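These notes are meant for a colleague who is opening this structure for the first time. Please read the numbered points with the sequence and the model side by side.

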Amino acid sequence: MPAPRRLVVEADGGSRGNPGPAGYGAVVLDPVDAATLAEAAEYIGVATNNVAEYRGLIAGLTAVRDLFPDTPVQVRVRMDSKLVVEQMSGRWKIKHPDMKPLAEEAARVLPASSVTYEWIPRAENKHADRLANEAMDAGKRGEQWDPGASTADVETTRTRILHEQQPPSGPPGDAVAGAAKVRAALAAARPVAAPQPESAQAPQVGWGSAPDLGAPATFLLLRHGETALTPEKRFSGSGGSDPELSEAGRRQAACAAEAFAAQGTVQEIVSSPLRRCRETAEAVAGRLGLEVRVEDGLRETDFGVWEGLTFAEVRERHGADLTAWLASPDAAPTGGGESFAEVAERVSAARDRLIARHAGRTALLVTHVTPIKTLVRLALGAPPESLFRMELSPASVSTVAYYADGNASLRLLNDTSHLR
């Protein structure tokens, strides 16, 4: 059996906000002549630093596997993430549910016996760091990283790798030839771009620009998938038949689950008690390996006797009550339903409980049209009539961040890109 090919993988990841716009970079190096064998970088959307670091590791190991599919390898991974190095080395337990699937994915890329891990200071990880920042810069422009435009600092990395090598064991001529290769590679290296100003590297996002506020409680607001009542635009609240997801709704939930798994930002999942939300939440939870906590305050409005009726049918049968309901947040649907004012009070109380429970974390809240619109309205300080001026599609995602000073920031509204 041939001797394994020795390689170095350097990987890095970053998030401008933690969680915030994130990207990773990875490079595969030949430790003999310091040649760059492969580079990888990607903007991954909103994610945490740790998720981005793991994604960089996975990309680096995957690049090795793709380069040498039929050759045994011995890979030395070098990263400035103490968490990833210690967890992948088996010295630290992996407690966070978001990290477990990423660590498992990384461990599956190559045989465990062929990979070792080493922590290095950030200053010694410039190549991968530069790639990660290029990916985040591309994401800021609405693009993906372009390897042809990369200006990662290959010269610094190659020179450092050379200095770390042991004296060559072969004839002197081999060392001379190797040095000549390195000089030729360094001469062909791309020029290093000037450092970006701090403002470009870490853009301020919403209220999070004040460093003393700490990480916000970030709520990803997922409307449940379709039910049989959804395409018919029938009132479907908490006082009706509690329908299950339709086949289309289950597909939507699966798409959402894949999108959240790719982002790697969800740390907790909270659901309305109604069946359509629990089924949507469980689809995501199953993909992420998380539990679902039920919060009664996230249930939909009770629409009284309007449950199951279309808007036209309600206007025909209960026209005066409908007119009053549309005109005042204090008016309730016919038959003892909830007013918008009552729903807002209930949702506000649930919001406050969840903010306290998930301070500094990212939680997925699977709920309904009225609770999501209410959370958005309250975050914006908008009047009650703004509820009628928002569109929320089935399985759409909206995002609100809540900071320690009481301010809130709407980051996303009615995103359905994951369903396309």
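1. Helices (H or I, at least four residues) and strands (E, at least two) are DSSP runs, numbered from the N terminus. This is a predicted model, in which local features need pLDDT of at least 70 and side-chain atom pairs count only at pLDDT 80 or more, while totals for chains, interfaces and linings use all residues. Residues are numbered from 1 along each chain as its sequence is written, and side-chain values use heavy atoms, with hydrogens and water left out.

2. As for the chain overall, the protein has 13 helices and eleven strands, and 49% of its 420 residues count as buried (under 20% relative accessible area, with exposed meaning over 50% and partly exposed in between, for a 1.4 Å probe and protein chains only). Taking contact to mean heavy atoms within 4.5 Å, residues 24 or more positions apart account for 72% of the contacts with a separation of 6 or more. The accessible surface, from the Shrake-Rupley method with a 1.4 Å probe, comes to about 19,500 Å², and 52% of this belongs to carbon and sulfur atoms.

3. Strand 2 (residues 20-29) runs antiparallel to strand 3 and is joined to it by ten bridges, and Gly20 stands opposite Ala47 in strand 3. Strand 1 and strand 4 pair in the parallel sense over seven bridges, with Gln74 in strand 4 as the bridge partner of Arg6. Strand 4 and strand 5 are also parallel, over five bridges, and here Val75 has Val115 in strand 5 as its bridge partner. Strand 4 (residues 73-79) is largely enclosed by the rest of the structure, because five of its seven residues are buried.

4. Thr48 is found in the loop between strand 3 (36-47) and helix 1 (49-67). Is Thr48 buried or exposed? Thr48 counts as buried, because its relative accessibility is 13%. Leaving aside residues up to four places away in sequence, Thr48 touches Ser15, Asn18, Pro19 and Thr265.

5. Helix 8 (residues 247-263) and helix 9 (residues 275-288) pack at an angle of about 40 degrees, with their axes 8 Å apart. In this contact Ala253, Ala257, Glu258, Phe260 and Ala261 of helix 8 meet Thr280, Ala283, Val284, Arg287 and Leu288 of helix 9.

6. Two backbone values deserve a look. Lys233, in the loop between strand 6 (217-223) and helix 8, has a positive phi of about 55 degrees although it is not a glycine, and Lys233 is exposed, with a relative accessible area of 67%. Asn414 lies in strand 11 (residues 408-415), and its phi is likewise positive, near 55 degrees, in a residue other than glycine.

Key: Axes are lines fitted to C-alpha atoms, for helices over the stretch in contact, and angles run from 0 to 180 degrees between N-to-C directions. Two strands pair if DSSP finds at least two bridges between them.
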